[in-house]
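Look at the model first.

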Amino acid sequence: MTVPPQDPRGVRPDQPHRSARPSADGGPVQGAPAGPPRGGQQGSPPQQPQPQQPRQPPQQGSPPQPTPPQQPAPPQQPAPPRPQGPQNRIIDTSSGRDDGLDKCPTCGGTDITYSLTAKALVCAYCRHEWNEVNAEEAFGLNTSIADLHGHTLASGTADVREDLTMMTLKCQGCGAEVVINVNQELQARCHWCRQTLSVNSQIPNGAVPDAVLPFQLTREEAIAQISAFADKRKAFAQGRFKSEFVPENVMGVYIPYLVVDGSMHAQLGGRGEVTTRQYTVRTGSGKNTRSETYYDADVYSVQRAFDLLVDDLTVESAQRFDARDNSHATNNILNAVQPYDTENAVAYNSNYLKNFTSERRDLNVRDVDDEVEEKFLSIARAKATPTIGRYDRGVRWEQEGVAVRGTRWVSVNVPVWLYSYADSAVGDGLVHYIAVNGRNGNTMGSVPVSHPKIFAVSCFAGSIAAVIGAVVGFGWFFAG
């Protein structure tokens, strides 16, 4: 994280820049800041010289005193280590359950799925319904953000290791061992007793998060949202897209996000302008006459410094959906369906992911640190905006920075209903996405457009404008 900038030397905040000589109207005078007096610390009393005791001469006739032997100097103790800065604090968010059978708390069955109708996990045998505990309350992630110091990391945010792909699950029912690829699935059925085996440990390959935000929107509701979005844009869509559009192909996907809380001190410095006069000057003559508006303004030095607390800032942690790279797919639309109520996320249970697909996190905390810092700065600018209303010509921030005192990182899988369409008319095929927030129904996406249709409409609109202009011109001509 960057450190806040230092104040400009000799400039007081929110004071206009004027000449160093006093102005005729009594304007402020700009001077250098006063420093401490030379020759010692300010406010410290002068040191008095200590009188030296005179040496006593040896008395006459007295025997010389023997010189006592010198004692060896005691061994020097090693200097204590210098205190280090705040260290990373790890919060264990693992379930504590062994890999293998993930049983129903009532009957012990393993055939468990998440029901969108009941909005809960449902056992297929006893029909018991339940949800995992709230992640913030279970792991102590709801403590005051102002008390954060250093970096607090949930265990699910550990650095991703690409070499962990295969895992062996031992069935506690019959003792068989099942090998699965954890990059592709987190559950498997025992080929002997047909019981469902689950990965419960937080393996450091990015597939197991700290928490899961379950789906709330049903599949039917998502199809209706996607159909309504596409219908509004079919006028300029390609004919092939209209015939091949099948909203029923929507899929429920869990997208990995890193959720960040931050405590910091923000400092902004720049220049603001206040209009003092506005006037118009005419130049030229006849048909070449033109008017120009000029403004006079006072320029002020503007400084803002304040503490800032950021709660539940979400950052994408799958490189495949990086909004900065949309050359092959319109994946930048995922940020447009936010926000997510991540405070309602529950502790991870692999059964929430059953019948859905999930992306694996492949970005570490250090990979998104710069993006988080830029978002912190954006939030700081937005917080300072209400305090600069008096500068009617705006403020240009020239120095800005945040000094982060503490952060807290948690990995959360959020729900998205995703429809994709590959545009075969563009090179290798640009993939268009329509995404629906699985919690609140926010929808955003893109459809392949027909450029000949857009060109034809533009030409038609231009022709209409030209005809109207000609009619108005002839009317003025004959009226004159």
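F215 is buried, because its relative accessibility is 0% (buried means under 20% relative accessible area, with a 1.4 Å probe and protein chains only). This is a predicted model: local features need pLDDT of at least 70, side-chain atom pairs count only at pLDDT 80 or more, and totals for chains, interfaces and linings use all residues. Residues are numbered from 1 along each chain as its sequence is written, and side-chain values use heavy atoms, leaving out hydrogens and water.

F356 is also buried, at 15% relative accessibility. The rings of F215 and F356 are stacked, because their planes lie at 10° with centres 4.5 Å apart. Rings of Phe, Tyr and Trp (its six-membered ring) pair if their centres lie within 6.5 Å; planes under 30 degrees apart count as stacked, over 60 as edge-to-face and the rest as tilted. F215 sits in the loop between β12 (211-212) and α2, and F356 in the loop between β15 and β16, so the pair ties together parts 141 residues apart in sequence. Helices (H or I, at least four residues) and strands (E, at least two) are DSSP runs, numbered from the N terminus. Ring pairs join F215, Y254, F356 and W417 into a cluster.

The structure holds ten aromatic pairs. Y114 and Y352 form a tilted one, 5.5 Å centre to centre with 50° between the planes.

Two arginines lie over ring faces. The cut-offs: CZ of Arg (or NZ of Lys) within 6 Å of the ring centre and within 35 degrees of the ring normal.

| Charge | Ring | Distance to ring centre |
|---|---|---|
| R390 | Y300 | 5.0 Å |
| R393 | Y295 | 5.1 Å |

The buried residues of α2 are A222, I223, I226, S227, F229 and A230.

Note on methods: Buried < 20%, exposed > 50% of the residue type's maximum accessible area, 1.4 Å probe, protein only.
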